[in-house]
Amino acid sequence: MYGDLALQLVTASHRSTLSTTPQLPLPKYALPLILSICLETRQLGTSISTAAETHGQVSLSQDRGLVCNLTVQHLAARRNKRCLLAYLSTRVGGVKERWWDAGGGLAYLLSPSTSVAVNPDLDAPDLRSALSPQELDFLRGYNNLMLDYKSDFLDVLDLTAGIEKPPGELMVDVRVIKDAGEVILEGGERVEFRKGERFRLARSQVERLIVQGFLEEV
Amino acid sequence: MSFFDDEAEDSLSPELRSVRGASSSRAQSIGASSSSFLDRLRSTVSPDTDPHSYPHGADRSRASASIFDTESNLEASASTSTSHFGFTPNHQPDEEGDQGEDVELLEEELREMEEMDDVKRMGMIWVKERGTNDIMGWEGDLIDGLFDKLEQQQKMVTTLRSDPQTSEEEHFKLMLVQTEMERVKYLVRSYVRTRLHKIEKYSQYITLTPSIHHLLSGAELSHARRYTELLHTHYQHSVLDSLPEWLRKMDDTYGDGLSMVTKPNKNMPVLIYCRRDCGEITLEGGERAALARGTTHLVKYRLVDRWISLGWAEVL
């Protein structure tokens, strides 16, 4: 049946958006399915154009069966396109969400160790392997775009810091859960973060390290 | 004048009072040094950007008053433990009757709007931006003003922090100032990101509609253009290129009239508070509803967008 594959694609995509909390790893890019949908659409396209050519204008207005056939094929093709784009845009949304969650750290986002460290027992694919090459390009492009945009603000505030809740306290108690080495904080202070140690620091200075999972709020 | 006397008038949080009680014996000695603290604070602010005069004059700490010049803000930052904002839109009680004084009241209210300090206004436009899903005007002047003040304040705080003469209590005050700064930054950040989200969502619509370009800042507009381009390249490379040629467009309209270009849905309901009398609107079913001053309504955005953009109605 025309459109079955596309339906499969969007239902899978819809299912993956249903549980965003806690955030599941992004499902792998459904390349085989997408290729077969594209193939189906191309076949529909050729079938439509050959039918139109062979029968010509006259029969198109008389032969109602042919008209019906062409309409169905046409609609199926358009529907396929719509499903494909819906799938892609849902994924783009997911990719962007992850970018923001990671505080705009592209290298951190794509490093293979990230997802392994966070959930070692799950055999979830890390983000890099879940994305298609095109999506990787998009992510890189988006990263550049946002860097450009936020550079206007950077001397006063960091746009990519979290906005989940308004800041309540200036200082924050943190525990180091992953070695981060020596970090130079705002104001020239040098702090050596070793696993297991606890610090009391200004929230704005260590926000990024918390987001990236080096530190944990106590 | 004792250092803490003016603070007590401001009815600060119990914590600060306890601090006061604990150190009351020291308060006298600090009192002597407090005026020099204020002098130093003032001397670090090079230009006097704020024309307002303070009712408490020299009594108040300039550091906390110069930018956030409402007393409530100092309280808000002092009672941070309650962790909620001090700038919810203020509802004046509905003054009833007296149609004759209406004009005066309106003028008064407008003046009030103008005199409202930047942080309050920032809070209001932040709520407005988040409460609607249409593209709102970019408040560039306000943001620039806030940034200037933030930068200035930061300089001041850094100078005072590194000054060995700054006493323990003064450090505590500086902390309050810094907390308040972080909160303002949060507001701006959230505002900008809400806008970015909308802009990315409607990027194609924005690019194709020159009539709304004036609502965006230059950076936002170029972001919208480049984002649209990026997104389309992505779609093109991913699937569209392998489809038949007549299916490769990005701005088609489907048979059911659904366009591929996402537009803001103006039928979304908004919750508004009428600052002024907004006349009557005709609802969907032909019913009419009066938007009297001081009332709150939940209506479709399309019906009241004029009043919102004029500032006569405030989004909650």
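Because the model is predicted, local features need pLDDT of at least 70 and side-chain atom pairs count only at pLDDT 80 or more, while totals for chains, interfaces and linings use all residues. Residues are numbered from 1 along each chain as its sequence is written, and chains are lettered from A and ligands numbered from 1 in the order in which they are written.

**Chain A at a glance**

- Chain A holds eight helices and five strands; helices (H or I, at least four residues) and strands (E, at least two) are DSSP runs, numbered from the N terminus.
- Read from the N terminus, the elements of chain A go α-α-α-α-α-α-α-β-β-β-β-α-β.
- Of its 218 residues, 20% count as buried, meaning that 20 or more other C-beta atoms lie within 10 Å of the residue's own, with C-beta atoms placed from the backbone (exposed is 12 or fewer, partly exposed in between).
- Among contacts in chain A between residues at least 6 apart in sequence, 67% join residues at least 24 apart; two residues are in contact if their C-beta atoms, placed from the backbone, lie within 7 Å.

**Where the chains meet**

- α7(A) packs with helix α11 (residues 218-238) of chain B at an angle of about 175 degrees, their axes 10 Å apart; axes are lines fitted to C-alpha atoms, for helices over the stretch in contact, and angles run from 0 to 180 degrees between N-to-C directions.
- This makes α7(A) roughly antiparallel to α11(B), a label for angles over 145 degrees.
- Residues of α7(A) in this contact include A:Phe138, A:Tyr142 and A:Leu145, and those of α11(B) include B:His223, B:Tyr227 and B:Leu230.
- By class, the contact of α7(A) with α11(B) has seven nonpolar, six polar and two charged residues.

**The sheet in chain B**

- Three strands make an open, antiparallel sheet in the order β4-β1-β5; strands pair if DSSP finds at least two bridges between them.
- β4 (296-300) and β5 (313-315) of chain B are the edge strands, each with a single partner, so one side of each has no neighbour in the sheet.
- From one strand to the next, the twist averages 40 degrees.
- β1(B) (residues 269-274) is joined to β5(B) by three bridges and to β4(B) by five.
- B:Tyr273 stands opposite B:Glu314 in β5(B), and its bridge partner in β4(B) is B:Thr296.
- B:Ile272 stands opposite B:Val315 in β5(B) and belongs to the covered face of β1(B), along with B:Val270 and B:Cys274.
- The uncovered face of β1(B) has B:Pro269, B:Leu271 and B:Tyr273.

**Helices on that sheet**

- α7(B) lies across β1 and β5 of chain B, at about 75 degrees to β5(B).
- Helix α12 (residues 301-310) of chain B packs on the sheet too, touching β1, β4 and β5, and its direction makes about 125 degrees with that of β4(B).
- Among the buried residues of α7(B) are B:Met122, B:Trp126 and B:Lys128.

Conventions:
Angles under 35 degrees count as roughly parallel, over 145 as roughly antiparallel, 65 to 115 as roughly perpendicular and the rest as oblique. Ala, Val, Leu, Ile, Met, Phe, Trp, Tyr, Cys and Pro count as nonpolar, Asp, Glu, Lys and Arg as charged, and the others, Gly among them, as polar.
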